[in-house]
Amino acid sequence: MIRTLAITSEKEVVYNQPLRKLNRKNFEWFWVDFQEPTAEETKELSRFFRFHPLAIEDCLEFVQRPKLDFYDQYLFIVVHSINQATLEADEVDIFVSDNYIVTFHKKPVRDMNNLWHRVKQDLLLQESPLQIMYHIIDHLVDDYFPPVYRLEDLINQVEANTSDQTISELMEQIFDIRSQLNKLRRTIIPMRDLLYRIISSSRFNSFKEKHIYLHDIYDHLLKLVEMIDANRELSTDIRDSYLSINSDRMNRVMMTLTVISSIFLPLTFIAGVYGMNFEYMPELSGKYSYFIILGVMFVIGIGMVLFFHRMGWFRFHKGTKL
Amino acid sequence: MIRTLAITSEKEVVYNQPLRKLNRKNFEWFWVDFQEPTAEETKELSRFFRFHPLAIEDCLEFVQRPKLDFYDQYLFIVVHSINQATLEADEVDIFVSDNYIVTFHKKPVRDMNNLWHRVKQDLLLQESPLQIMYHIIDHLVDDYFPPVYRLEDLINQVEANTSDQTISELMEQIFDIRSQLNKLRRTIIPMRDLLYRIISSSRFNSFKEKHIYLHDIYDHLLKLVEMIDANRELSTDIRDSYLSINSDRMNRVMMTLTVISSIFLPLTFIAGVYGMNFEYMPELSGKYSYFIILGVMFVIGIGMVLFFHRMGWFRFHKGTKL
Amino acid sequence: MIRTLAITSEKEVVYNQPLRKLNRKNFEWFWVDFQEPTAEETKELSRFFRFHPLAIEDCLEFVQRPKLDFYDQYLFIVVHSINQATLEADEVDIFVSDNYIVTFHKKPVRDMNNLWHRVKQDLLLQESPLQIMYHIIDHLVDDYFPPVYRLEDLINQVEANTSDQTISELMEQIFDIRSQLNKLRRTIIPMRDLLYRIISSSRFNSFKEKHIYLHDIYDHLLKLVEMIDANRELSTDIRDSYLSINSDRMNRVMMTLTVISSIFLPLTFIAGVYGMNFEYMPELSGKYSYFIILGVMFVIGIGMVLFFHRMGWFRFHKGTKL
Amino acid sequence: MIRTLAITSEKEVVYNQPLRKLNRKNFEWFWVDFQEPTAEETKELSRFFRFHPLAIEDCLEFVQRPKLDFYDQYLFIVVHSINQATLEADEVDIFVSDNYIVTFHKKPVRDMNNLWHRVKQDLLLQESPLQIMYHIIDHLVDDYFPPVYRLEDLINQVEANTSDQTISELMEQIFDIRSQLNKLRRTIIPMRDLLYRIISSSRFNSFKEKHIYLHDIYDHLLKLVEMIDANRELSTDIRDSYLSINSDRMNRVMMTLTVISSIFLPLTFIAGVYGMNFEYMPELSGKYSYFIILGVMFVIGIGMVLFFHRMGWFRFHKGTKL
Amino acid sequence: MIRTLAITSEKEVVYNQPLRKLNRKNFEWFWVDFQEPTAEETKELSRFFRFHPLAIEDCLEFVQRPKLDFYDQYLFIVVHSINQATLEADEVDIFVSDNYIVTFHKKPVRDMNNLWHRVKQDLLLQESPLQIMYHIIDHLVDDYFPPVYRLEDLINQVEANTSDQTISELMEQIFDIRSQLNKLRRTIIPMRDLLYRIISSSRFNSFKEKHIYLHDIYDHLLKLVEMIDANRELSTDIRDSYLSINSDRMNRVMMTLTVISSIFLPLTFIAGVYGMNFEYMPELSGKYSYFIILGVMFVIGIGMVLFFHRMGWFRFHKGTKL
């Protein structure tokens, strides 16, 4: 679908003009939006606008890194919107000159619609194609925040662990959260680099008036990267803390097992010895033999307990001097 | 609440002038402080001062990255104070021109009050709006130190572990300390970047006279970041050392268990064999059978001990050649 | 094998001219391709072209870092193609001046053949030696993508683990994938640095017209590095998650063992005591002794279970508060 | 204590002149050293020298980051000496102009004394206040080396582990060494940054003559940082290697335990079965029952050994294919 | 030993001239080589050449960081050769002006000898002292490759683990390889930084003609650093993979132990109960008691097996869904 919107010199908006009527003479500036374009419509990029083949190729490729190219008559910019459900990046291609803006996107982009209709308002009528581009980028970047906030909430839930989940499930959750943070990071970092290039480019002088707007978007991208990195570190910390605590727990479990085995294995052996059926075992006939052996067992048991106590194993769960 | 303070050309301080009387003609410079402003008061930002809509929007947003924007007539700066209890960042917005300073903050900021009252003193009367801004930032950054020192003390406590806590509690403490260090880091790093931008900006020439003051604040921020990073590393080191020591401890526990099991399980089996009730077991009737078996058991036990000793398991807790 | 191709001033292509006929007077520009050259053919590099000895030495060395050298009459560039099977880098050496391009490679390079034959087409006839070089580099870099995509698929398979493999096999797979990612990274990083040097070089002005083409290749290389780094992180995350889950699993196994041992070892000991054959054991003759002892065993068993339950060991597999 | 030293135009040294006599007219240059100054003496910084309040405040503060400030008439530099016993940093503040140097330090600094007395020598008489400052910094930095060498030796000892220590003690030693390396690093890194700022500062032209001297100090600081980082990595490597070896050792211990338990627990169970006292147990009366059961036990035991052997557990301590 | 070599204006080589005859008038350029110089010979550095005391001090110091200093009449450069056996760095000091090169090294350096004799050849006669310096550095850097290749081979051996070594021995080998890689890295990184400084220095214009030679050395150093870093990562990966596999192996060992203990401990307990010698145990006299108890034991054993099977422990060695 191709939508067109043109601003006359009297600041009136005219919709749905055919492409051939859109020119510098008739209109102050115009906006052409290719939304889910057909193959036939796509051809207008070269037929009507005569854009560079390399730029058109970039429009048709599936996932392209955000980029900025300067052509003689226009500049070509590729930005990424984020699909809120899958966190995949969708591509939006923008051509901007002083009297037109062309947007090209294979999937409908919500913000584009809003802007399209807000152009009727006086505020936006005073603006230029470059500022429309600023609004588009600004809205796309604003859409990066909700998924980051959602992942931050998820991490806080994992940390509090109020839900009724096993450790393995929690680890899988952390793994999933990290995968998604990385996916977002891979979209946001190139966008940040792109904004930095725009801000620091000396060939962007006509755009420099809008410097504060661009710095604002750039600050948002910096904040996003900082949030993602902080959450990645937090998730690593949760996992490492869990491993430390688990290692301590395992230690105490092993000590319990060892103490109990060390006490009862020798005692059971002694009992086994006197359960043997040899015909001639002199100890068996003594009147107090049974009680003497019970006493010996008691002494061995207490001795083991004292030994492990002195080794500090029973105190182990208390603070250990590093 | 809006407070105003104006300095006449005779260097006298006049308090609580209405906004409309504050202008270049009447006063050398003046300071307007918006503390917990109402919605109505907030409107004066655009009505009286005619600040840029983007800057006003930044004042109203909840948490904004520290930033610096140059407008034609004034500069707009966003800085962060740290809430000593929660370690959350609170935002302070400052507009500065050559003859006024406007401060805007949703929560009361202690340092602002002190400065406000110190302006009566001669020292501060000689100063300009830019220097008031310097004092505000300086005091905010000074307030970053106490929480960092507090966390440093906590880590040293964990390291010494004089308190009566289990390992798991210590690990949780390290986790908490690291979370708080990261929270502080996220506030301090952008402030450091902001100060760097101010110091290195070529558009800041009128402010360059105060270069030494700004370098002083910048050095404090560098020191803060270094302290935080050092403490983060220290906490990682404590955790890693604990894991190493724990792993060694576990090893010794396992060896104890294995040695005791390996000695007594075979012996108990032998005792079990001669405890069986078969009618025809030739060994049982021998006169010395019992003593022979006891001897065999003794030999097996001693053999196991010697074997494990030769394997070096008993020496294991002593220095192991890497 | 030496192939030659020359473009006349009438834009016609002439193949297989002897080297001595190739000069500025006869042809607008020409391309000489050394493919798997013999020692004799290699000598033409110095004999006919008089290239710098250092550059010729670089052609003959086995694996050279991608590089760019400016000589007076030509520039010398070394790039790497990737062998799709082994992921090893093969070297392609290119000499470019304004009227010739010389390519030198010890192994056949598929893309070179394609380009060679496409020069007949009008499109490529309009181009210069520099653009031929651009096409060669572009195709080589495009060939970097398939192995990266293949490794990405492999990692996703390991993560889903639908195949019937043991953990050790999976770990070996991750190890292999990481080795290959590192191998690719070692080829791609120097190529990226080379492209950066070309783009930012001030001595490359005649080439600057093709700036957009070069930025396109550079963006592809950046994307490749980002993909590789993301997959390396993902593989680390998979391994770390596995270790966490395994540690949790081990803990539960150990707890099971400890609980069962702690319950049955003492009970077996008691049974062993009353299985001893002492002549005088007063308890044995009591009528209810057997049932009393069974009761005692039952109480001890239940006590152990309750104790471990209170210790939280049975609940351990449920969410643990960090 | 305030010491003074002045050089006349005849290159003679005059000691202990009162401050008021020290001026440009009387002497070519002079050096005033505040060592452990009293509060009264400290006041001379502002009273006699009229230094900037901010610089004086930096002198009085306890630990200040190394810094360099340019004032109109002098430059102010803060450097750190290292206390050889505690590895804590002590502050030395230096004011330098073209005809005086003022040093201020709360604790006695050994090198200052040496220099003070060496000024009598011809060599040092030819020098300027700036070069005295160079000598002071050079000596302070030289004092950084002994503690780094000492820690390097300690790490090598831990690696060789010739001493008679437990693993836990070794881990504590590594932890201590790392803490001290980090402490040194925190002093040395800011000094390195300071030297870099001095070398690259364009406002330091009068000092540029001594460029080679400064580069020499800077190289020493770089070398120190490299040594510290290498030793930190080495200590991490030692710990990681220990963990790997320990994990392997634990594995073998566990296998031993498992093999022995798996062989003897079933056998003991069988022996227990035939030790039961049921009145009707048909197997008990057979003539060869005992030998048959012994044979069965033998077969089970050998079977277990063969099973574990086939599983590769006995070969485990030998090289495992990754 | 001091060797001298001088080139006359007729391009002839004269050996072993005494130092006093070496001057600009007699010879086009000359080379003086101090190999293992005596204290007396060393004095010629200041006596005959009048080099700066700081440079001479650097020659005498034991291990100096590679460096480059510009003096008025000459430049002073310190480079490192690598001792192939110990991987320690040996220092080579070089003074270069437009008509002489002085090399100073405490140990014999093989490459110096080769160069010394190759100067007879025409090729080298055409060269200048600066180019001799280039050749020396080039050869020294070429000597860095063999130990890196040797370590790379060692790592590949460890990975394949064809040799008959225990895991602990392999870990020790990895530790050794890493130590040696780090040692090399500490020599190579400063050399790389030095080459970078030479290439980018604006004061090196007379040397810029040789830019391509220097870039060649620099590329070799970059390649060396990349190889070392890749091998360090590989060794870390091998260790981490081993830990993962070991952890998995341990898990399976523990499961075996737990399953066997959990089956036989309860059964042995039951056997023990009926082995007790109480006079009144009603179950003992029943005709089918023995078979009933055997049946109960069988049911408990099978139940345990089914329980662990359902828990997935027997399938555990198969692929686990992450």
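Q: What makes two strands a pair, and what counts as a strand?
A: Two strands pair if DSSP finds at least two bridges between them. Strands are DSSP runs of E with at least two residues, helices are runs of H or I with at least four residues, and both are numbered from the N terminus. The model is predicted, so that local features need pLDDT of at least 70 and side-chain atom pairs count only at pLDDT 80 or more, whereas totals for chains, interfaces and linings use all residues. Residues are numbered from 1 along each chain as its sequence is written, chains are lettered from A and ligands numbered from 1 in the order in which they are written, and side-chain values use heavy atoms, with hydrogens and water left out.

Q: Why are strand β3 (residues 29-35) of chain C and β7(C) called paired?
A: DSSP must find at least two bridges, and these strands have 6, in the parallel sense. C:Asp33 stands opposite C:Thr103 in β7(C).

Q: What makes strand β6 (residues 89-96) of chain C a partner of β7(C)?
A: β6(C) and β7(C) are joined by 4 bridges in the antiparallel sense, and at least two are required. C:Ile94 has C:Thr103 as its bridge partner.

Q: Why is strand β7 (residues 100-105) of chain C described as largely enclosed?
A: Buried means under 20% relative accessible area, exposed over 50%, and partly exposed in between (1.4 Å probe, protein chains only). In β7(C), 6 of the 6 residues are buried, so the strand is largely enclosed by the rest of the structure. C:Tyr100, C:Val102 and C:Phe104 point one way, while C:Ile101, C:Thr103 and C:His105 point the other way.

Q: Why do β2 (13-15) and β4 (67-70) of chain E count as edge strands?
A: In chain E, an open sheet of 7 strands has the order β2-β1-β3-β7-β6-β5-β4, with mixed pairing. β2 and β4 of chain E each have a single partner strand, so one side of each lacks a neighbour in the sheet.

Q: How do you know that strand β1 (residues 2-7) of chain E pairs with β2(E)?
A: They share 3 bridges in the antiparallel sense, against a requirement of at least two. E:Val14 is the bridge partner of E:Ala6.

Q: How many residues does chain A have, and what share is buried?
A: Chain A has 322 residues, and 58% of them are buried. Its secondary structure comes to 10 helices and 7 strands.
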